Amino acid sequence: MLKFEGARSEKNCITISSLVGTKKSHSELKVGNGVKILRKDPVLRVQGLTKQIGAKKIVDKVSFEVYPGEIFGFLGPNGAGKTTTIRMIVGLSAISEGDVWIKGVSLKKNFEQAIAHVGGIVENPELYKFLTGYQNLLHFWRMCKGVSKERIDEVVRIVGLEKRIHEKVKTYSLGMRQRLGLAQALLHSPSILILDEPTNGLDPAGIREFRDLLKKLAAETGLAVFVSSHILSEMELMCDRIGIIQQGKLIEVKEVRDFVDAEEEHAVLFLIDPLPEADSYLKKMFPDYQLTVTEDGILAKIKREQIPDLNAMLVTHGIRVYGIQKATKTLEDRFLEITGGGQIA
Ligand SMILES: Nc1ncnc2c1ncn2[C@@H]1O[C@H](COP(=O)(O)OP(=O)(O)OP(=O)(O)O)[C@@H](O)[C@H]1O
Ligand SMILES: [Mg+2]
């Protein structure tokens, strides 16, 4: 749970915060598997957010929006400014310039009202290890005004902790603690969850569980999720859109599929035998194609509709085709291209 140093509002059960947007723009977003199209106002709008410490801007004019039901990934290498940005968004750190709107309410002008819509975990959830999971939630619930006690059971169900909720937190695995932290963050039914590297330290199964839980919540309840990470593969699997932050600047925001599918031409790997023969034949037949011999076969940069043509030519010429694989760029390739590489975990 977030501790709001100097800005804690027990009245609004502020554990974490979320954000909103005042702009009346209607955006079209594909979320999940691209099934759902949302046209809504943003839950969170960050505009020109800047943190200056001494002469250095560690967060520099960062602007983005997060919509209902969307999982927005905030991806960046160590030291990029993710935590600093999040701490400003949830009111744990003063904003040097810019502002944050949560459901249209300015964080600067009306902190209590804005933060009431936010749930979050920044760094690790704050839990009392010698209390049970339920006692932790109860303790937190007492600070929440206007939340029914039944909501405690509801959030326990949502995060799947029913069986262990009456055991002491010190007996919980890291994944269970993270889920209890999530239950706490959800207690006051926020509109947005802000999570700073929530899967740090979790094993692959724990990461998957957490990811599935967030996706389900976003898809079924329209909860907006803003999640930071330095792990590309994780973001790719979890998020609808990703913003890349580097050295305090947000350098790109795109839907995940656009990061990896940006080019019209695809790199396609043909697994063939015999390779040298195929290579010289293809180069003769398709002098304009970009063809590269690799260890596994021939890599061709071609358009989608050219794939069957090339395959047909190979087969007709007696060359055996064992497989055709689309060697699409991964988010990692794109990330390294965009950031110049060398700085990711
Ligand atoms: N209070 C501070 N005073 C001076 N510099 C700071 C302060 N807090 C953060 N920084 C610097 O700002 C930069 C961004 O730090 P931040 O913790 O936001 O990065 P991050 O993206 O969360 O990194 P990580 O992936 O390691 O968590 C770093 O260079 C950090 O050293
Ligand atoms: Mg950090």
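This is a predicted model: local features need pLDDT of at least 70, side-chain atom pairs count only at pLDDT 80 or more; totals for chains, interfaces and linings use all residues.
**Ligand shell, strand pairing and helix packing**

By class, the shell around ligand 1 comprises three nonpolar, seven polar and one charged residues, where Ala, Val, Leu, Ile, Met, Phe, Trp, Tyr, Cys and Pro count as nonpolar, Asp, Glu, Lys and Arg as charged, and the others, Gly among them, as polar. Residues are numbered from 1 along each chain as its sequence is written, while chains are lettered from A and ligands numbered from 1 in the order in which they are written. Ligand 1 is surrounded by residues including Ile53, Ile58, Lys82 and His230, a residue being near a molecule if its C-beta atom, placed from the backbone, lies within 6 Å of it. The most is given to this shell by helix H1 (residues 82–89), with three residues; helices (H or I, at least four residues) and strands (E, at least two) are DSSP runs, numbered from the N terminus.

Strand E8 (residues 118–121) pairs with strand E9 (residues 192–196) in the parallel sense over four bridges, pairing requiring that DSSP finds at least two bridges between the strands, and Gly119 stands opposite Leu193 in E9.

In helix H4 (residues 150–158), the buried residues are Ile152, Val155 and Val156 (buried: 20 or more other C-beta atoms within 10 Å of the residue's own; exposed: 12 or fewer; partly exposed: in between; C-beta atoms placed from the backbone). The face of H4 turned away from its buried side carries the exposed residues Glu150 and Arg157.
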